[in-house]
Amino acid sequence: MLEQVRIGEVMESQGRAISREEMEAFARVTHSDRFTSVPLTLATVLRKPEFDWLAGVKVNLANLLHTEQEYEYRAPFRSGATSLIRTTVEDLKERTGKQGTIAIIVLKSEILFNGEISVVSKTTFMVRGS
Amino acid sequence: MRWRAQQELTVVKKPAFTREQLKEYAKVSGDGNLIHLDDSVAKQMGFPSVIVHGMLSMAYLADSLLVSFPEKEYRILRLSTRFRRVAFPGDALSCGGKIKKVSDSGELVVSLWAKNQRDEIVADGEADVKPIALVNA
């Protein structure tokens, strides 16, 4: 199913500005009560291109399990500024066992503001029944 | 505060997850995967009910980190999480951790965990933490 996916494949997508209200809503729902600046996992809201890409390669999102996540913070996250998201397929492994085929996909997304990398996200997804 | 290896972080108890919270999180995060929202989809996938977004557990870990490392004094440089076990609405997480390593200059590597009310590890991970004084040096 994922034959068309190539390790090293890069997708770039225009991000969007995150409003103060959106940031507050994120903090509220995640009970991020202690942040005076930006909740550490706020970058998650800019990772929609990853899900669009997965849907584009015909992954049924209901079969998707998020198994690992890493955020590396290189520069302060800027609310209100438009971002660019550069996503790379870091790894793809498929194996077949008793429960069918399982694919492990690792995506790296760099979130840039004005050409500067602010956050590097590394996400590992397990796709069941691929 | 002067940290030493193996020192435990303050354990933080977070509110139990609710279905309403999952709906709201799907809206604000853009992760509208039906496995978090629709029992019938979750059951098709072999779960008894909708499951909590792993990123919500990670957000809890991130917030609890600030109890020991407030933003005024520390900068978090990296946060990683492995999602070990699925959480469900009604589950309440406690988050803690300990100092894994202290560099000569005072930079810290911290191991983290989030356990449910049955004392089962739901997520664990690691953070790199730097005192602001070193960031500005």
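Me: Before we start, how are things numbered, and what counts?
Reply: Residues are numbered from 1 along each chain as its sequence is written, while chains are lettered from A and ligands numbered from 1 in the order in which they are written. As the model is predicted, local features need pLDDT of at least 70 and side-chain atom pairs count only at pLDDT 80 or more, but totals for chains, interfaces and linings use all residues.

Me: Ok, how many residues of chain B are in contact with chain A?
Reply: 33 residues of chain B contact 30 residues of chain A (in contact means C-beta atoms, placed from the backbone, within 7 Å).

Me: Which element of chain B gives the most to that side?
Reply: Helix 3 of chain B, with ten residues. Helices (H or I, at least four residues) and strands (E, at least two) are DSSP runs, numbered from the N terminus.

Me: Which strands pair across the two chains?
Reply: Strand 2 (residues 64-73) of chain A pairs with strand 2 of chain B, antiparallel, over five bridges. Strands pair if DSSP finds at least two bridges between them. Q69(A) sits opposite T81(B) there.

Me: Switching topic: how many bridges join strand 3 of chain B to strand 4 of chain B?
Reply: Eight, with the two strands running antiparallel. G97(B) has L112(B) as its bridge partner in strand 4 of chain B.

Me: And what's between those strands in the hairpin?
Reply: Five residues, and G106(B) in that hairpin takes a positive phi near 105 degrees.

Me: What does strand 1 of chain B pair with?
Reply: Strand 1 (residues 12-13) of chain B pairs with strand 3 (residues 94-102) of chain B, antiparallel, over two bridges. V12(B) stands opposite C95(B).

Conventions:
Contact = placed C-beta atoms within 7 Å.
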